[in-house]
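Here's a quick briefing to read with the model open beside you. Take it a topic at a time and find each residue as you go.

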Amino acid sequence: MRYIRLVPIPHGSDADADADPHDADWSTRHSVLSTARRTAALVNVLAAGPADAGGGPAPEAVAEVLRAYGEKEPFDLTARDVEGMREAAALLRDVFAAESADAAAHVLNRLLGAHTGRLRLSSHRGGSPWHPHVDRADDAPWPEWFLASSCLALAVLVWDRQRPPGRTCASGSCRNVFIAQGSGPERRYCSRRCATRERVAAHRRRADG
């Protein structure tokens, strides 16, 4: 299992004096929503490529995403690890493509049944607060860790919201996935850039008659 970097809260902050900085930082970096967003970011970067003759992104491109979401260095990612993570990402993409909570749940049940171990709690030998895992061991390979931790986070979002946890971008020129959240209108695009591009294209089509 990959560890989350723990950054103490600076002294003199407005945090509760009785709060444990270890727990507070870990909870922010490793929340269900943060893990789900990490899943989307990894699915997107793993779909990129080919970066070289072997296809797919370079290990450093994947490491950059892991770093952004608090994974502890040094990274030991190999091209083989990345290829395994690409296979996991292809499976996870089906969750983002689900049109209903029922469909997302069926996909997640299939993935949890075929690719994960039993639910357990781990503290990584005291290196983090206790938290749930469904990979088969704390030192599971990168692909197994990615698939298992992603399934767990996405399953909790389905449970909590009773709707699909994410979407694929509605832009025909974009393959990105994203986590759908918030109380406003349902998002259709992964970014403002895609939304703007599609609005401009639709305006031009109408102008051309």
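Gln162 counts as exposed, because its relative accessibility is 57% and exposed means over 50% relative accessible area (buried is under 20%, partly exposed is in between, all with a 1.4 Å probe and protein chains only). Gln162 sits in the loop between H6 and strand S3 (166-168), and has a positive phi of about 55° although it is not a glycine. Helices (H or I, at least four residues) and strands (E, at least two) are DSSP runs, numbered from the N terminus.

Before going on, two notes on the ground rules. This is a predicted model, where local features need pLDDT of at least 70 and side-chain atom pairs count only at pLDDT 80 or more, while totals for chains, interfaces and linings use all residues. Residues are numbered from 1 along each chain as its sequence is written, and side-chain values use heavy atoms, leaving out hydrogens and water.

- You'll find Arg125 in the loop between strand S1 (120-122) and strand S2 (131-133), and at 78% relative accessibility it counts as exposed.
- Glu73 and Pro74 are joined by a cis peptide bond, with omega at about 5°.
- Pro74 belongs to the loop between helix H3 (59-68) and H4.

**Salt bridges**

- How many salt bridges does the structure hold? There are nine, a salt bridge being a side-chain nitrogen of Lys or Arg within 4 Å of a carboxyl oxygen of Asp or Glu.
- Arg67 meets Glu60 in one of them, at 3.3 Å from N to O.
- Arg67 also bridges to Glu73, with the closest N and O atoms 3.1 Å apart.
- Arg67 is partly exposed at 27% relative accessibility, and so are Glu60 at 46% and Glu73 at 39%.
- Arg110 and Asp94 form another salt bridge, their closest N and O atoms being 4.0 Å apart.
- That pair links distant parts of the chain, with Arg110 in helix H5 (residues 101-115) and Asp94 in helix H4 (residues 79-97), 16 residues apart.
- Arg110 is partly exposed at 44% relative accessibility, as is Asp94 at 38%.
- Through shared partners, salt bridges join Glu60, Arg67 and Glu73 into one network.

**Aromatic rings**

- Rings of Phe, Tyr and Trp (its six-membered ring) pair if their centres lie within 6.5 Å; planes under 30 degrees apart count as stacked, over 60 as edge-to-face and the rest as tilted.
- By this rule there are two aromatic pairs.
- Trp142 and Trp145 have ring centres 5.3 Å apart and planes at 85°, so this pair is edge-to-face.
- Both of these Trp residues lie in helix H6 (residues 142-161), three residues apart, about one turn of the helix.
- Trp142 and Trp145 are both buried.
- Ring pairs link Phe75, Trp142 and Trp145 into a cluster.

- Helix H2 (residues 32-47) has 16 residues and reaches 23 Å from its first C-alpha to its last, close to the 22 Å expected; the expected span is 1.5 Å times one less than the number of residues.
- Buried residues in H2 include Ala40, Leu42, Val43, Asn44 and Leu46.
- A nonpolar core is a set of buried Ala, Val, Leu, Ile, Met, Phe, Trp, Tyr and Cys residues joined through side-chain atoms within 4.5 Å.
- Which residues touch the most other members of the largest core? Of its 36 residues, they are Leu42, Leu46, Val62 and Phe146.
- H2, H3, H4, H5, H6 and S4 each supply at least two residues of this core, and the largest share, nine residues, comes from H6.
- Apart from this core lies another, of seven residues, among them Cys169, Cys174, Tyr189 and Cys194.

- Val177 is found in strand S4 (residues 177-179) and is buried, with a relative accessible area of 3%.
- Leaving aside neighbours within four places in sequence, its contacts (heavy atoms within 4.5 Å) include Ala40, Val43 and Asn44, as well as Arg167.
- Val177 and Arg167 are ten residues apart in sequence and 5.7 Å apart in space, C-alpha to C-alpha.
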